[in-house]
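Please read this briefing alongside the sequence and the 3D view. The points below are grouped by topic.

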There are 2 protein chains.
Amino acid sequence: MISDVSPVPLRRRPRQVRGQQRIAAILDAAERLFAVTGYEATSTNQIATEAHTAIGSLYQFFPNKEAILRALVARYQQRMHDVLENVLAADPQDELSPDELLDRALDPLITLYARGYHTLTLFLTLPRTGDGARAGQPLVEDIVRRLDARVARRVPNADPARRELAVRMIVETVRALLPLTTTPEGQVRPEAVTELKRMLRAYIDVSLASLPPTG
Amino acid sequence: MISDVSPVPLRRRPRQVRGQQRIAAILDAAERLFAVTGYEATSTNQIATEAHTAIGSLYQFFPNKEAILRALVARYQQRMHDVLENVLAADPQDELSPDELLDRALDPLITLYARGYHTLTLFLTLPRTGDGARAGQPLVEDIVRRLDARVARRVPNADPARRELAVRMIVETVRALLPLTTTPEGQVRPEAVTELKRMLRAYIDVSLASLPPTG
DNA sequence: TGACAACGTGAGCGATTACTCATATACAAT
DNA sequence: ATTGTATATGAGTAATCGCTCACGTTGTCA
C-alpha cells in the first residue's frame with residue numbers, strides 16, 4: 001500500500017467509467033508533454049488537446065495545474081513502489097547476493113524507463129524548486145526509507161545516519177544515471193547498464209558492506 | 001581558453017563600462033532568480049527589477065530570455081573550466097594518486113557550490129529539454145572531452161568508447177550528487193563529501209584502473 | 001419516461017508573459 | 001559647444017497563460 005505521503009487533491013472523484021478514462025487520458029497526455037516540453041512550458045490547454053478533451057473537462061477533475069503533476073508523481077510512486085516491493089518480496093530471508101539484488105531492482109526499472117523514453121524523464125528531471133520539489137520529493141524519500149529499512153536488517157550494527165546516507169547516495173545515483181542507460185529513441189544501452197551496476201556494486205562493497213557500528 | 005561551444009548571442013556588445021556592469025548585474029540577478037524560482041517561472045521583468053534596471057536595458061544587450069540563460073551557463077563553463085584546468089595543470093606528469101586528484105577536483109567544486117547554495121543549483125537542475133538542454137549540454141560535453149583526453153594518457157590501451165563512457169559516468173555522478181554535499185543554508189556536509197569521494201574512488205578502481213584494451 | 005446528477009464543452013476573462021519602441025540621458029569624440 | 005553614438009527608460013502590445021462558467025450531453029436511477 002502507498003503510504004500517506006503526497007495526497008492527490010481531486011476536485012471531484014469520478015463516479016463513472018468515463019471520468020476515470022478521462023483522468024487516465026489526461027495524465028497520459030500530461031506525462032508526454034511534461035517530459036518533452038517541461039512542466040512550466042506546458043499549458044493546460046495543450047494537455048487537454050493532447051488528451052482529446054476540452055479544457056473544461058480537465059478542470060472538472062483537477063483543481064489546478066499542480067494537481068496534475070502531483071497525480072502523475074503518484075502514478076510513478078505506485079509503479080516504482082511495486083518494483084521495489086517485488087524485489088524485497090522476492091528476498092524475504094535476505095539471501096540474495098548484491099549482484100542479484102541489483103539485477104532484480106535495476107532491470108525492471110530500466111525496462112519501465114525504456115518502454116517510453118520520456119515516461120520517467122519527467123520524474124528524473126523534476127526541478128528541485130516550486131511545484132516540482134513539492135511533488136517530487138516524497139517519492140525519493142519513500143524509496144530511501146523502505147530501502148534503508150531493509151538494509152538495516154542486513155547490517156544491524158551500522159550507524160543509522162551513515163547507513164541512510166549510503167542508501168540515499170545509491171538512490172540518487174540511480175535517479176541521476178538512469179537516463180544514460182537508454183537512448184532518446186527508447187533503446188536500452190547495455191554498456192551503460194553494466195557500467196551503472198558496476199559503480200553501484202563497487203560502492204556497496206566499500207561502503208554498505210563495511211559500515212562501522214554506531215559511535 | 002574556452003572552446004567554440006555554446007556561443008552567447010549578444011544583441012550589442014557593450015562598449016562602455018556601464019554596459020559591462022549592467023550585464024553583470026543582470027546575470028547575477030538572473031542567477032539568483034533562476035535558482036530559486038526556476039527558469040520558466042522567472043520573468044524577464046523580474047530579472048530587470050532584481051538587477052535594479054529597466055526592462056528596456058535588459059533587451060539592449062540580450063535578444064531574448066534564452067540568451068540570458070546561455071550567458072549564465074557560459075559563466076559557469078568558464079569557472080568550471082578553470083577548476084578542471086587547475087587540476088590538470090597541477091599534475092602535468094600524471095603523478096598524482098586518484099585520491100589526490102579527487103580531492104583537488106572536488107574540493108574547489110564543492111567550495112564553489114557552497115559559496116552560494118543556489119549558484120550552481122541552476123546548472124545542476126537544468127531540465128534536459130527546451131532551452132535548458134540547448135544551454136546546458138555543451139558544459140557537460142566540454143568537461144567529458146577534456147577529462148577523457150587526460151584519462152587517455154593514463155590508460156592508453158583502453159577501448160575509447162568504454163573509457164569515454166566511464167568518464168561520463170563520473171561527470172554525471174558528480175553533477176547529480178553535488179547537491180547532497182551542501183545544505184540549503186550553504187553549509188558543507190563533510191560526511192556526504194566523503195561518501196561521494198568513496199563512490200567515485202570505488203568506481204575508478206574497478207573500472208577506469210582496469211579498462212580492457214581495444215577489441 | 002422523467003428527473004436528477006455526472007460529465008462534456010469552448011468562448012472568454014483577468015492576469016501575466018516576452019518583448020518593442022519612441023524618447024530621454026550619459027558619454028566620447030572633435 | 002556640438003555632434004554622434006552608446007545606453008537608459010517604462011508605458012505599451014500582441015500573445016499566451018491558468019482557469020471559470022453558463023450551457024449542452026450522457027448516464028443512472030425511479
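Chain A has nine helices and zero strands as its secondary structure. Read from the N terminus, the order of elements in chain A is α-α-α-α-α-α-α-α-α. The model is a predicted one.

**Chain A overall**

- Chain A has 215 residues, and 33% of them count as buried.
- Take the contacts in chain A between residues at least 6 apart in sequence: 70% of these join residues at least 24 apart.

**Helix α8 of chain A**

- Helix α8 of chain A covers residues 160-177, which is 18 residues.
- From the first C-alpha to the last, α8(A) reaches 26 Å, close to the 26 Å expected at 1.5 Å a residue.
- Which residues of α8(A) are buried? They are Arg163(A), Leu165(A), Ala166(A), Val167(A), Arg168(A), Met169(A), Ile170(A), Thr173(A), Val174(A), Arg175(A) and Leu177(A).

**Packing between chains: α9(A) and α8(B)**

- Two packed helices are described by the angle between their axes and the distance between the axes.
- Helix α9 of chain A (residues 190-206) packs with helix α8 of chain B (residues 160-177) at an angle of about 50°, and their axes are 11 Å apart.
- The crossing of α9(A) and α8(B) is right-handed.
- On the α9(A) side, the contact is made by Glu191(A), Ala192(A), Glu195(A) and Met199(A). On the α8(B) side, it is made by Arg162(B), Leu165(B), Ala166(B) and Met169(B).
- By type, the residues in this contact of α9(A) with α8(B) are five nonpolar, no polar and three charged.

**Packing within chain B: α5(B) and α9(B)**

- Helix α5 of chain B (residues 98-115) and helix α9 of chain B (residues 190-206) pack at an angle of about 140°, with axes 11 Å apart.
- Only angles over 145 degrees count as roughly antiparallel, and α5(B) and α9(B) are therefore oblique to each other.
- The crossing of α5(B) and α9(B) is right-handed.
- Where do the two helices meet? Pro98(B), Asp99(B), Leu102(B), Leu106(B) and Ile110(B) of α5(B) meet Val193(B), Lys197(B), Leu200(B), Arg201(B) and Ile204(B) of α9(B).
- The residues of the contact of α5(B) with α9(B) comprise seven nonpolar, no polar and three charged.

Note on methods. Residues numbered from 1 in each chain as written. Chains lettered and ligands numbered in written order. Predicted model: local features only at pLDDT ≥ 70, side-chain atom pairs only at ≥ 80, totals over all residues. Axes fitted to C-alpha atoms, helices over the stretch in contact; angles between N-to-C directions. Helix = DSSP H or I, 4+ residues; strand = E, 2+ residues; numbered from the N terminus. Left-handed = near helix turned anticlockwise from the far one by under 90°. Contact = placed C-beta atoms within 7 Å. Nonpolar A, V, L, I, M, F, W, Y, C, P; charged D, E, K, R; others polar. Expected span 1.5 Å × (residues − 1). Buried ≥ 20, exposed ≤ 12 C-beta atoms within 10 Å, placed from the backbone. Parallel < 35°, antiparallel > 145°, perpendicular 65-115°, else oblique.
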